[in-house]
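Here is a short report on a protein assembly. It starts with the interface and then turns to one of the chains.

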Amino acid sequence: MTHIEAREALAIHALDALDPDEAAALEAHLAACSTCTAELASLRRPADEMAAAAPLCVPPARLRARVVATAAALEGAAPPQPVALARVPERRGARHWLRLRPSVQRWQPAAWLAAAVLLLALSGAGAGGYAAYRAQQQLAMDEAALALLTSTETVLDRLAPAPGAAVGPTTHGHWYHRAGVPTQVIVGEALLPLPAGERYVAWLQRPEGWQQAGALVPDAHGSARLVVLGHDPAGTAGVLVTRETDDPIAPRGPAMLRFPG
Amino acid sequence: MSEDARARDQLRRGDGGALVELYDRHATAAYSLAVRLVGAAEAEDVVHDVFATLLGNHDLYDPARGAFRPWLLRVVHNRCVNVLRRRRSAGEEALAWIEDPADSPPDAVIASLEASAVRDQLQRLPTEQREALVLAYYGGLTHSQLARRLALPLGTVKARLRRGLLALRARLTDTRLGVPG
């Protein structure tokens, strides 16, 4: 991009309205041009004022709770001291090519602290064993999920209600993923309570067919989280959430949420 | 040292309390902008992810380049624009259940704005310039999307955006200096 072309593009860049390839070309020019950098800073001022002029909306309390939980989790995210583990039989079973963790909570600091305390206690007592293995495994999964959620490269796709699905007015979900990273997070929000014996099950559409990712278990607010480890999401074409009464190997119950829509 | 610079230094030390402090000071502005662009349902995720990213990438914000809030709102805007572009690239079917902010009439968007100076000065711009600015900034359209939507040559849209932002900058500067409009 020439200097003249860059000058023409600065205002559009200040509005975040350049096409991605042009924005990249302009950024390369800006790295070497202090004149354009200064002009961009000046053009950002009116854009900043447009940003600050958005109609006032008070954020819900649950958003602050999420940020507080994330802050606490990240603050305490230092890995615990290594624990001498007893030999643990590896868990195997049909369809367990994925390692699954159904989670009914957001990133609760209490869960992190509890896991860390458990590890330290087990380490001190020399107990080791399966509980320590699971606690360490859970910490590793939490760390992988947090790394995914805090990456600027993570893609967030919305799970929309399936046509005709009996869901609430605000029921939706999200699928967090990033190509090349074998961690995915599937989230359900405002999920309605299900009758006894039924559960929400998430599925990944892989080239070889639908694969069960695990159960989404709503908490009292209808929020549910599922961390899926073990597969690069680049091969996953979509996500489906169904209502199931048993443990099928392919979706059988009614579709509730899905991506793409 | 400014409060923003102090908070950034706390973040560098891994102080989650500083993140919450920054959230308490700036969340309403960030959330308001996100709601305007992507709607309430996705605004929560955008704002949460922006603050989480801040704690995980302490050097993203450099106080030497200006105040924290305008920088934060730029990050929020950029995230929202990416959400909108992904929605649009998913096609008409995926958009059917979400209101596209670029479908809001520009004058209605301007009338809804909180800050009177911005609202007044946008209203005084020539119609074609304020339409282009509002569709690009509050509608999250790229200049080429804008050209298709308005059925105008790309060069015309670029010129409208550029002239519109330059005029807005001049008018807002005059307003701050008390120059009669």
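How much area is buried between chain A and chain B, and what part of it do carbon and sulfur atoms give?

## Interface area

The area buried between chain A and chain B is about 5,400 Å². Carbon and sulfur atoms give 61% of that. Buried area here is the accessible area (1.4 Å probe) that two parts lose on being put together, summed over both. Leu15(A), Asp16(A) and Met50(A) supply 13% of what chain A buries against chain B, more than any other three residues.

## Basis of the model

This is a predicted model: local features need pLDDT of at least 70, side-chain atom pairs count only at pLDDT 80 or more, and totals for chains, interfaces and linings use all residues. Residues are numbered from 1 along each chain as its sequence is written, chains are lettered from A and ligands numbered from 1 in written order, and side-chain values use heavy atoms, without hydrogens and water.

## Contacts across the interface

In chain A, 53 residues are in contact with 62 residues of chain B (heavy atoms within 4.5 Å). Six salt bridges are counted between the two chains (a side-chain nitrogen of Lys or Arg within 4 Å of a carboxyl oxygen of Asp or Glu). Glu39(A) pairs with Arg169(B) in a salt bridge, at 3.4 Å from N to O.

## Chain A

Chain A has six helices and nine strands (DSSP runs: helices H or I, at least four residues; strands E, at least two; numbered from the N terminus). Of its 261 residues, 45% count as buried (under 20% relative accessible area, 1.4 Å probe, protein chains only).

Definitions and conventions: Buried < 20%, exposed > 50% of the residue type's maximum accessible area, 1.4 Å probe, protein only.
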